[in-house]
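Subject: Handover of a structure

Dear colleague,

Please find below the sequence and structure that I am handing over to you.

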Amino acid sequence: MSIDWAALGSVFGVSLVATVALVGLFTLGILGLSKQETAAADGGSAPLARTGAYVCFALCAAAVAYGISLIVA
């Protein structure tokens with residue numbers, strides 16, 4: 001049995017980048033929802049912060065659905 005170290009490293013690298021990107025995107029969504037209240041209190045654009053948060057959450061859901069489709073197929 002031999003291990004293809006290049007392929008293993010490639011899988012590790014892609015997994016690391018995808019995980020950091022997904023967590024970062026979810027964090028931006030949470031940050032957008034928390035800034036919504038601050039923006040509304042300061043007279044800013046609360047719907048813009050909420051919309052940005054929802055877009056981040058939708059992209060997270062799409063990434064998870066894509067990953068599940070890759071596993072199932």
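The notes that follow describe the whole chain, then the first helix, then the contacts between the helices.

This is a predicted model, in which local features need pLDDT of at least 70 and side-chain atom pairs count only at pLDDT 80 or more, while totals for chains, interfaces and linings use all residues. Residues are numbered from 1 along each chain as its sequence is written, and side-chain values use heavy atoms, with hydrogens and water left out.

Overall form

The chain contains two helices and zero strands; helices (H or I, at least four residues) and strands (E, at least two) are DSSP runs, numbered from the N terminus. Its radius of gyration is 18 Å, whereas a compact globule of 73 residues would have a value near 11 Å. That radius is taken over C-alpha atoms, and the globule rule is 2.2 Å times the number of residues to the power 0.38. Along the principal axes, the C-alpha atoms fill a box of roughly 65 × 25 × 10 Å. Of the 73 residues, 12% count as buried, a term for under 20% relative accessible area, with exposed meaning over 50% and partly exposed in between (1.4 Å probe, protein chains only).

Helix α1

Helix α1 covers residues 5–42, 38 residues in total, and spans 54 Å from its first C-alpha to its last, close to the expected 56 Å. The expected span is 1.5 Å times one less than the number of residues. A bend of about 25° occurs at Lys 35, given as the angle between axes fitted to the seven residues ending there and the seven starting there. Gly 29, Gly 32, Gln 36 and Ala 39 of α1 are buried, and their cover includes α2 (46–72), where contact means heavy atoms within 4.5 Å. Just after α1, Gly 43 adopts a positive phi of about 85°.

Between the helices

The structure holds one aromatic pair. The ring centres of Phe 26 and Phe 57 are 5.2 Å apart and their planes stand at 55°, so the pair is tilted. Rings of Phe, Tyr and Trp (its six-membered ring) pair if their centres lie within 6.5 Å; planes under 30 degrees apart count as stacked, over 60 as edge-to-face and the rest as tilted. Because Phe 26 lies in α1 and Phe 57 in α2, the pair ties together parts 31 residues apart in sequence. Phe 26 is partly exposed at 43% relative accessible area, and Phe 57 is partly exposed at 22%.

Yours sincerely
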